[in-house]
Amino acid sequence: KAHRIAVVEGGGKYTAAKLSHKEMDFTEGKTLTKQEILAAYGVNEVVLGDFTNIKCFHPDTEVFTEEGFKSVTEIKKGTKVATLNPETGKAEFRPATKIYMYDYDGVMYKQTGKHQKIAYCVTPEHKMFGQKIIGKTTKKKKGAYELVPIKDVPGGKCFAVPRNAKWDVGETPTIYDIGKREFERKKYHNGSKNGLKDTTFPIVPWLKFLGWFISEGNYFDSGRYEIGISQTKPEGRKQFKKDMRGFPYVITEYDRMFKLSGKDLYTYLMDNVGHYCDEKRIPSDIKKLHPSLLKHLMGALLAGDGTVLPGKGAYRLSTTSFQLAEDVFEIAIKLGYAPFLSGGKLGYYKDKEGNRKYCKPVWYVEMRLNPVDGRINNVEKIHYKGKVHCFEVPPHHVILTRYDGKIMWIGQSYEGIKSAHKAFWEECLVPKVLYFENTLWSRFFSKIGQR
């Protein structure tokens, strides 16, 4: 008895459980009418603010910015995002010019897992940046870089995605100044006093010292503002003494560590590097130095807390400080590595009796120089309902993202937007402009020549 009146007796109330056939027909007809109108006028739906076919990132995606990794939900217009020039292979930071966020209910393509080098979760139309693998021999070649929708990427590890790049950005100072501080005198004195030692350091010895202190340093609460660098391995002690050539402080060697003191240095490290192991971090201005300088800091960090892994240029750094792990991850990217972040679980050690003792969570940053590309493989289709996000970063429109601790260079919404505007001009505006021009010429200007 569809579409007929129903009489409900006894105080009953009628509630529609779902859309009726008539309502569904009306909804589908409305959508079809909209599509027919757009087709008739040659207008892409994006021009009218409908982003249904312009797909983007899952909100768990992170984006590499000038201030480190940020959630894709935090990117705003003007945020400087890492972008790659496909022709030169060099990376730089450029501002996002447009932001997109909209509701989505449908399929997303997801790749992640322990044995995968790349990870992502994007909607079907999202453009993947990489090279198709060509040839039938065991030594396959790669084609030119291109942007291909994830739904059209061939399976079988036939699409290689870059994970690293060349970086040539950053400051190159020759000295580093930690700044003079004023300290209150004791109660029976008046006024204040300054520290007595140098607060300017040659940049390379300073970076090496900072790396050693972050990885192996500690403070002494003796009232003399002493700093210690623990090191028992002969090769480590030898490397530390070599690295400290040119450092302007006197460093005393003991059986298990090195000691130095300085009131300004002590307070600078306490304020900018942190006190305890789980508070350690790299000062933000240090992270903005040029890679030619950052390599000295990384070398000292790895000498203290690093582990050499199988393969050329492969290391792992462990720390109980999540912020330090993030800082090392960022510097590794700028040095051309393809890092991977993992951990966060409770660490442990064994006491003298062999009992396991738990300690604070440990984070691991694994970094490798080769191989640096990842392959699109074992892609999973999942259903997702919620917000999706993206943005534009001209002129290259290739950005660096992190998902599940793994990075990759990937496209963004511009490609879909560009095609929409191109269609709008070519299929809608240009024909009408030409028609208007022909009309003016035939009715008015063509007669001028005859006269």
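Analyst: Let us begin with a definition: a residue is buried under 20% relative accessible area, exposed over 50%, and partly exposed in between. Please note that this model is predicted. At 39% relative accessibility, Y145 therefore counts as partly exposed. F129 has 4% relative accessibility, so F129 counts as buried.

User: How many residues does the protein have, and what share of them count as buried?

Analyst: The protein has 451 residues, and 41% of them count as buried. The chain forms eight helices and 26 strands.

User: Where do the buried nonpolar residues gather?

Analyst: In soluble globular proteins, nonpolar side chains tend to be buried together. Here the largest nonpolar core has 60 residues, and W206, F209, L265, L269 and W409 have the most contacts inside it. Helix 2 (residues 203–216) contributes eight residues to this core, the most of any element. A second, separate core holds 32 residues, including Y384, V388, F391 and M408.

User: How does one describe a pair of aromatic rings?

Analyst: One gives the distance of the centres and the angle of the planes. In this structure, a search finds 22 aromatic pairs. For F129 and Y145, the ring centres are 4.9 Å apart and the planes are at 10 degrees; the pair is stacked because planes under 30 degrees apart count as such. This pair links distant parts of the chain, since F129 belongs to strand 7 (residues 127–134) and Y145 to strand 8 (residues 141–149), 16 residues apart.

User: Which residues form an aromatic cluster?

Analyst: One cluster consists of Y176, F201, W206, F209, F213, Y219, Y225, F247, Y249, Y266 and Y268. W206 and F209 were also named for their contacts in the largest nonpolar core.

User: Which charged residues sit over rings?

Analyst: K259 lies over the face of F220, 4.3 Å from the ring centre. The charged end of R402 is found over the ring of F329, at 4.8 Å from its centre.

User: Which strands does strand 1 join, and in what direction do they run?

Analyst: Strand 1 (residues 62–65) runs antiparallel to strand 2 (residues 68–71), and four bridges join them. F64 has F69 as its bridge partner in strand 2. A hairpin of two residues connects strand 1 to strand 2. Strand 1 is also joined by two bridges to strand 25 (residues 398–403), again antiparallel. There, R402 is the bridge partner of E62.

Note on methods. Residues numbered from 1 in each chain as written. Predicted model: local features only at pLDDT ≥ 70, side-chain atom pairs only at ≥ 80, totals over all residues. Heavy atoms only, no water. Core = buried A, V, L, I, M, F, W, Y, C linked by side-chain atoms within 4.5 Å. Buried < 20%, exposed > 50% of the residue type's maximum accessible area, 1.4 Å probe, protein only. Phe/Tyr/Trp six-rings, centres within 6.5 Å; stacked < 30°, edge-to-face > 60°. Lys NZ or Arg CZ within 6 Å of the ring centre and 35° of its normal. Pairing = 2+ DSSP bridges.
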